[in-house]
Amino acid sequence: MYKKPIILFNPNLPKLSKNERKVLDLLIEAGKLIVPIYLQQENNKYLGANFYPHGITKKEIEKAAIKDPSILDPYTIVEKRGGKLIATPYHIEYEKLLKPVSDQLFKAAQISNNKPFANCLRIQAKSLLDGNYEAATIAWMTSKHPYILDLCIGPIERYDDKLFFVKTSYQCWVGVLDKNNTERIVKYKDIILSSRRKVLMPSEKVDYYDKVQVRVDETLIFSGLIARTMFIGVNLPNNVNLMEEYGSEITVFKQTNAYRFKNYVWPAFNKIFSSEFKKLFTSEDIENGHLYQVVLHELAHTYLRYRNSEKNLQDLFPIIDELGASVMGIKVCGSLILKDIMTQKQLESIMIAFMARNFNLILNEKNEKSKYHYMVGGTIFLNYLLESGAVKEAGGISWPNFMKMFVSLDELASILERLLSQGTREDAEIFIKRYGNIDKLQRFKKASQ
């Protein structure tokens, strides 16, 4: 049986007051109640999951949406009744399941000693029942940050909708601020976002550099979609208009970084690279490289927000967007090295950790549909490096040339940004067909066994 979409972590929490502990317990209970809602949305047998009628074509949906735009609204479920497509808002479709979630948030708000946080909880609780998700987003983004407790709950990410990349899935995380690591990544942010880059299509660029917040969390629960994807970092909100006005918040999850490093990245590193090469890096080097690659990825999203990217690239947008952020994140490390914030060894660890992560995705997780966009992006990344000669093979084992790799990633970053700024779906499809062939990389399967 497919495991339920919930993960409970047991982190090392900082000291909390009795009030904070009580509030935290209520938030965790709210998170658990997201599971049955998400299970009604999730369905890996269909590209449109359970958001659209099964067996219906993409053209039928697009045609119906011309007359009724709510059919392609991010927050509706589409059903076929009497031969007609009908869209029902989430807050109505899931009303009975959402009420207990909202109740837990209201209880937490009533007892919280932190007034700004309590106010956000009330607005969030109300939004689940009336569908005014934008009000909740604005409340969180304009409240005083960072507070020690952290919550994200509701319909947010679109990765389950592989038909249009429109419909949002319910999820929740609850965390507690890791002050020391947060202070460290704030230094990265301050350097990377301290100056404006010359960008392609400047009139289309969404500029919110001065309004980016960052935090590292000790995580207690993932439920819904995020329990499937096991994200290590997120950058929200997704709405570019809200980003431009209110900024964004980057959250990094320590528990998932440690889990994915231990179970995926480190084993892949040990299997793919030669014994002589592996002596150059400790497990701590690679684990830190993995964490900071995620931080840089999320910060780099700030550079790559173009107003019409999603509209132009359609369902291929997440492949280009996620890979673009990863590659750009590595590219901007040059400024960190020049400012003595990062060493050359740390940059090499970041690149090697990302390579190991992608090899694992391609060789061991290619059937995980929730990670499809990352798997295709990882395939492009590795094929591009192999074609450029930045990564060479000896007996099936890859040997990276770090200088060539950095130059190749600079080239790849420019290509991906051009696709995001002014590319079409056809442009993206051509690029993906050239470099996204996963079969070319299966020869590494033998090397890793």
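This note goes through a few local features of a predicted model, taken one at a time.

1. Helix α13, which covers residues 283–301, packs against helix α17, residues 344–364, at an angle of about 85°, and their axes lie 7 Å apart. Because angles from 65 to 115 degrees count as roughly perpendicular, α13 and α17 are described as roughly perpendicular to each other.

2. The contact between these two helices brings D285, I286, G289, H290, Y292, Q293 and L296 of α13 up against K345, S349, I350, I352, A353, F354 and R357 of α17. Sorted by class, the contact of α13 with α17 has 7 nonpolar, 4 polar and 3 charged residues.

3. Helix α19, residues 402–422, has 21 residues and reaches 30 Å from its first C-alpha to its last, which is close to the 30 Å expected at 1.5 Å a residue. At the start of α19, a side-chain oxygen of N401 comes to within 3.2 Å of the backbone nitrogen of M403. The buried residues of α19 include M405, L409, L412, L416 and L420. An α-helix has 3.6 residues a turn, so residues three or four places apart point the same way.

4. The peptide bond that leads from L236 to P237 is cis, with omega near 10°, and P237 is found in the loop between β7 (233–236) and α10 (240–246).

5. Q314, although it is not a glycine, has a positive phi of about 55°, and it lies in the loop between α14 (309–313) and α15 (317–331). Q314 counts as partly exposed because its relative accessibility is 37%.

6. D340 also has a positive phi, near 60°, in a residue other than glycine, and D340 lies in the loop between α16 (333–338) and α17. With a relative accessible area of 71%, D340 is exposed.

Methods
Residues are numbered from 1 along each chain as its sequence is written. This is a predicted model: local features need pLDDT of at least 70, side-chain atom pairs count only at pLDDT 80 or more; totals for chains, interfaces and linings use all residues. Side-chain values use heavy atoms; hydrogens and water are left out. Axes are lines fitted to C-alpha atoms, for helices over the stretch in contact, and angles run from 0 to 180 degrees between N-to-C directions. Helices (H or I, at least four residues) and strands (E, at least two) are DSSP runs, numbered from the N terminus. Angles under 35 degrees count as roughly parallel, over 145 as roughly antiparallel, 65 to 115 as roughly perpendicular and the rest as oblique. Contact means heavy atoms within 4.5 Å. Ala, Val, Leu, Ile, Met, Phe, Trp, Tyr, Cys and Pro count as nonpolar, Asp, Glu, Lys and Arg as charged, and the others, Gly among them, as polar. The expected span of a helix is 1.5 Å times one less than its number of residues. Buried means under 20% relative accessible area, exposed over 50%, partly exposed in between (1.4 Å probe, protein chains only). A polar contact is a pair of N or O atoms within 3.5 Å; within protein, one must be able to donate a hydrogen and the other to accept it, and residues adjacent in sequence count only if both atoms are side-chain atoms.
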